[in-house]
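Please load the model in a viewer and keep the selection tool at hand.

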Amino acid sequence: MMGRAMSLLRRFGMQIAALLIAVVLWIQVHGQGEGSLSMDVPLQVQGLPADMVIVNDLPDRVRITITGLQSRLKDLKGDSLFVPLSAAGIVDPGVVERALKVSDIRLPVGLRVEKVQPDRLQLQVDRIITRAVPVRANLELPEAWQAQNVTVKPELVQLTGPEVWLDALKEVTTNPIQLALKPGPFEVQSGIESPSGKAIRLKDTGIRITVQGMLVQRAGVVQAIPGGVQ
């Protein structure tokens with residue numbers, strides 16, 4: 001009887017040992033318990049064609065709920081995560097809706113994304129164009145002074161940005177210019193005031209604008225002297 005038992009042990013010893021090891025490992029892993037957590041992570045737009053731009057406001061971050069082993073959740077670093085939003089395949093301006101897929105979010109082994117909030121976003125996409133826009137001198141003068149025969153060179157500057165925004169932009173201005181209050185001709189150089197609307201930029205960022213004209217004092221207007229008597 002003893003000999004038969006020893007024979008069976010030798011025959012099935014390796015299988016029994018492997019089974020015991022598997023049981024121990026299962027207890028070690030699953031005995032830790034599972035949990036979940038929610039966190040806000042960055043939204044990252046991917047695949048947008050170079051000649052297109054998104055003109056509506058998208059959230060900077062979206063909320064995801066992650067489940068998995070407590071030990072893995074504890075070690076999870078939120079700054080290493082992001083939610084991809086695919087804009088691939090967009091070729092025409094307009095409004096498109098894209099889903100945020102949990103399967104596209106990369107997580108360490110043992111963790112999974114249960115949901116994303118929001119799970120869909122609308123993208124308003126426009127074509128990027130370049131257009132010539134008139135320049136106006138932004139002269140800051142007291143009421144007693146007036147600039148006449150003002151010219152601006154160059155008269156036009158090239159701006160690059162979404163077509164819908166450039167269609168609505170009638171002009172750009174120089175940076176504020178303060179002149180020395182002395183009658184006679186003047187000539188100054190200035191840059192361009194940053195155009196309103198994100199994603200609009202000067203094609204030539206180093207351009208300088210020359211402003212010329214004649215500075216005269218208005219007739220019948222008394223100029224105030226700070227701290228003094230007229």
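Select Arg131 and Asp167 first: in this predicted model, their side chains form a salt bridge in which the closest N and O atoms are 2.2 Å apart. Arg131 belongs to strand β7 (residues 120-136) and Asp167 to helix α3 (residues 163-168), so the contact ties together parts that are 36 residues apart in sequence. Arg131 is partly exposed, at 29% relative accessible area, and Asp167 is also partly exposed, at 39%.

Next, display the open sheet of 4 strands, whose order is β4-β1-β3-β6 and whose pairing is mixed. Strands β4 (83-86) and β6 (111-117) stand at the edges; each has a single partner strand, so one side of each lacks a neighbour in the sheet. From one strand to the next, the twist averages 35 degrees.

Asp40 lies in β1 and Arg63 in β3, 23 residues apart. Asp40 is partly exposed, with a relative accessible area of 38%; Arg63 is likewise partly exposed, at 34%.

Finally, select Arg112 and Glu114, a salt bridge with its closest N and O atoms 3.1 Å apart. Arg112 is partly exposed at 39% relative accessibility, and Glu114 is partly exposed at 44%. The structure as a whole contains 5 salt bridges.

Definitions and conventions
Residues are numbered from 1 along each chain as its sequence is written. This is a predicted model: local features need pLDDT of at least 70, side-chain atom pairs count only at pLDDT 80 or more; totals for chains, interfaces and linings use all residues. Side-chain values use heavy atoms; hydrogens and water are left out. Two strands pair if DSSP finds at least two bridges between them. Helices (H or I, at least four residues) and strands (E, at least two) are DSSP runs, numbered from the N terminus. Axes are lines fitted to C-alpha atoms, for helices over the stretch in contact, and angles run from 0 to 180 degrees between N-to-C directions. A salt bridge is a side-chain nitrogen of Lys or Arg within 4 Å of a carboxyl oxygen of Asp or Glu. Buried means under 20% relative accessible area, exposed over 50%, partly exposed in between (1.4 Å probe, protein chains only).
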